[in-house]
Amino acid sequence: MSNILNRLDEYMLVIDYNGDIVNCNDKLISKLKYSYDSILKLNIKNIIDNENDIIDKIIKLNKKINIDIKLRSRDKKIVPFNCDIVNSNFKGQSCIFLVCRDITDKYYKKEDLENLLDESPFMIWIKDVDGKYIYSNKYNNRYFKKYYDTEDINILGKTDFELNDKKIAIEFKKTDQKIIQSMENERFEHKVECFGEIRYFEVRKYPIKNEDGSLKYIVGMVKDISLERNLEQEIIKNHYNISKLYEIVNKNNHELKIDQLLEEMMADLKKHLNADGMSLLLYDKDKNTLIPTIKLGVDKGFFEGIEFINHRNEFI
């Protein structure tokens, strides 16, 4: 039973019907700064900071209740908890279980946080100090399912060397080591060949520390920035083409119609991105306004009748 209590996320305290403490999990012992042997010598009255009627309520009510309590640590600090009080058996003895959470955890649970992370537009994961994944949100799971082309995959408990190509795993391991050495938040960009194409990922990694400052976990947030990188390359490519065309036109003493060239460039870019619309707004420094100069697709209707936009983004 003690091993089971130590595996729980909650702080666990077990007392008999006299209030004597008969068991306590390691998490609560650490929080209250007692040793296991010393806390077993105490009665709940020795460590609770609430009024006596709270203690009577805990001991006498033979049903599950939820209450707020304050426990005193060994160094006399007050630690607030929200607790579910449950009657059950411990080693054949009728006892009272206090299933406690930090008071800040009162209004949400671990499942609530995981549901929130599952809705994130980022791939989010957590690794332990050995590089094994101990958490992965739905977006990250979908990536690996697509990578392996199967629904039957579980990445938890595995390292990057078990999940990725060796070259990719070495790169991921290298950036993990930077976090371990610096113990600071870091941003990386990975260029990865996957799904039959080159993709770019922005990765932000954060160290989670133990109380002594040592590394406990590495948290990663990953964003697919392939579209942005491909767009940048298209802009560079088109800029180069315009520059060459400018040189050719000047050499032949022809008048350069820059608006037409820009419109043709944007039409190609719109087609490449499969966009419904695209616009080019030029900034008028003197008037501090944006002027819709080129409008393609649905943007023609959007900017119809709009001559300029001021710096507050109000249509004039």
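1. Two strands are taken to pair if DSSP finds at least two bridges between them, and helices (H or I, at least four residues) and strands (E, at least two) are DSSP runs numbered from the N terminus. The model is predicted, so that local features need pLDDT of at least 70 and side-chain atom pairs count only at pLDDT 80 or more, whereas totals for chains, interfaces and linings use all residues. Residues are numbered from 1 along each chain as its sequence is written, and side-chain values use heavy atoms, with hydrogens and water left out.

2. Strand 6 (residues 123-128) and strand 7 (residues 133-136) run antiparallel and are joined by three bridges, with Lys127 standing opposite Tyr133 of strand 7. The two strands form a hairpin with four residues between them, and Gly131 in the turn has a positive phi of about 85 degrees.

3. The chain has 12 helices and 13 strands, and 35% of its 316 residues count as buried, where buried means under 20% relative accessible area, exposed over 50%, and partly exposed in between (1.4 Å probe, protein chains only).

4. A nonpolar core is a set of buried Ala, Val, Leu, Ile, Met, Phe, Trp, Tyr and Cys residues joined through side-chain atoms within 4.5 Å. The largest such core has 29 residues, and those with the most contacts inside it are Leu13, Ile58, Ile69, Phe81 and Leu98. Among the elements that give two or more residues to this core are strand 1 (11-15), helix 5 (52-60), strand 3 (65-72), strand 4 (78-90) and strand 5 (93-102). A second, separate core of 19 residues includes Met123, Phe144, Cys194 and Leu215.

5. Which residues are in contact with Ile58, leaving aside its neighbours within four places in sequence? With contact meaning heavy atoms within 4.5 Å, they are Ile15, Ile44, Ile48, Ile67, Ile69, Ile85, Ile96 and Leu98.

6. Leu116, placed in helix 6 (residues 110-118), is exposed, with a relative accessible area of 58%. Its C-alpha atom is separated by 9.5 Å from that of Asn137, 21 residues apart along the chain.

7. An open sheet of three strands has the order 11-12-13 with antiparallel pairing, and its edge strands, strand 11 (277-284) and strand 13 (309-310), each pair on one side only. Strand 12 (residues 289-297) pairs with strand 13 over two bridges, and Leu290 has Ile309 in strand 13 as its bridge partner.
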